[in-house]
Amino acid sequence: MARTNLRALAAIAPMILFAGLASAAPPSGSGTGPSETDRTGGSAAQEKIEEIQSIGVDRQLAAFAGTVLDINDRPLANVQVKLFIDGLLVGTALTEANGFYDLRTPYDPSQDATVLLWFVAHERGLMAKELVIRESRACLANALISKCVPRATFTPGRQFRVYMFDPASRNKELAEADCLP
């Protein structure tokens with residue numbers, strides 16, 4: 001009988017311990033992060049970041065910011081900006097009326113990863129644009145991204161200026177860069 005009680009106690013002890021730890025955790029959505037109307041449009045991603053921060057994990061948020069313009073240097077509003085790390089979508093933002101975007105997401109610049117920014121205009125007459133921020137060693141070794149795709153280096157505080165083109169202007173740009181067959 002004592003052996004049965006010890007087995008029951010051994011089975012219940014982890015549940016009691018876990019319940020005590022769970023009640024000590026801070027509530028999620030503590031209000032320490034950005035508001036629901038954050039211009040990145042990624043409130044679900046922001047909630048995940050707040051949750052990670054609330055449990056004591058320190059992940060640095062990197063800011064990918066800049067301006068999107070047309071070929072006449074006019075700002076473009078409502079351009080969707082997407083950040084991909086190793087093929088996974090990790091953040092999105094929309095440009096404001098002045099063409100500015102500010103996308104913040106956990107990112108460690110020292111990691112060996114391929115990082116891409118994609119820009120997709122609301123206007124159908126403008127072509128999508130890709131910007132390579134970093135290429136992993138495997139990506140470089142296998143030449144997975146064309147030399148004709150523009151590249152930029154991530155530096156904290158740096159803002160990216162991106163021009164969106166119509167198809168004719170894009171072909172002209174590619175021809176000047178010797179990227180057409």
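This is a short walk through one predicted protein model, taking confidence to begin with and then a few local features.

Okay, some housekeeping. Because the model is predicted, local features need pLDDT of at least 70 and side-chain atom pairs count only at pLDDT 80 or more, while totals for chains, interfaces and linings use all residues. Residues are numbered from 1 along each chain as its sequence is written, and side-chain values use heavy atoms, with hydrogens and water left out.

So, confidence. pLDDT is the predictor's confidence in each residue, from 0 to 100. The protein averages 78, and 67% of its residues reach 70 or more. Where pLDDT is low, the predicted coordinates should not be read in detail.

Now to β2 itself. β2 pairs with β3, residues 88-94, in the antiparallel sense over six bridges; pairing takes at least two DSSP bridges between the strands. I85 has L88 in β3 as its bridge partner. The two strands make a hairpin with two residues between them, and D86 in that turn has a positive phi of about 50°.

D73 isn't a glycine, yet its phi is positive, about 65°. N78 is in the loop between β1 and β2 too, again a non-glycine with a positive phi, about 60°. Buried or exposed? Here buried is under 20% relative accessible area, exposed is over 50%, and partly exposed is in between, using a 1.4 Å probe and protein chains only. D73 is partly exposed at 47%, and N78 is partly exposed at 44%.

On to D102 in strand β4, residues 100-106. D102 is buried, at 9% relative accessibility. Its side chain makes a polar contact with the side chain of R104 at 3.1 Å. That term covers a pair of N or O atoms within 3.5 Å; within protein, one must be able to donate a hydrogen and the other to accept it, and residues adjacent in sequence count only if both atoms are side-chain atoms.

Next, helix α4, residues 167-176, with S169, R170 and L174 buried. Down the axis of α4, those buried residues fall within an arc of 140°, so they line one face of the helix; the arc is taken from the directions from the helix axis to the C-beta atoms. They pack against β6 (129-134). On the face turned away you'll find exposed A168, K172 and E176. D166 caps the N-terminal end, with a side-chain oxygen 3.1 Å from the backbone nitrogen of A168. Just after α4, D178 takes a positive phi of about 55°.

Last, how many disulfides? One, counting cysteine sulfur atoms within 2.5 Å. C148 and C179 form the disulfide, with sulfurs 1.9 Å apart. C148 is in the loop between α3 (137-141) and β7 (159-163) and C179 in the segment after α4, so the pair ties together parts 31 residues apart in sequence. The S-S torsion is about -95°, so the disulfide is left-handed.

Definitions and conventions: Helices (H or I, at least four residues) and strands (E, at least two) are DSSP runs, numbered from the N terminus. Contact means heavy atoms within 4.5 Å.
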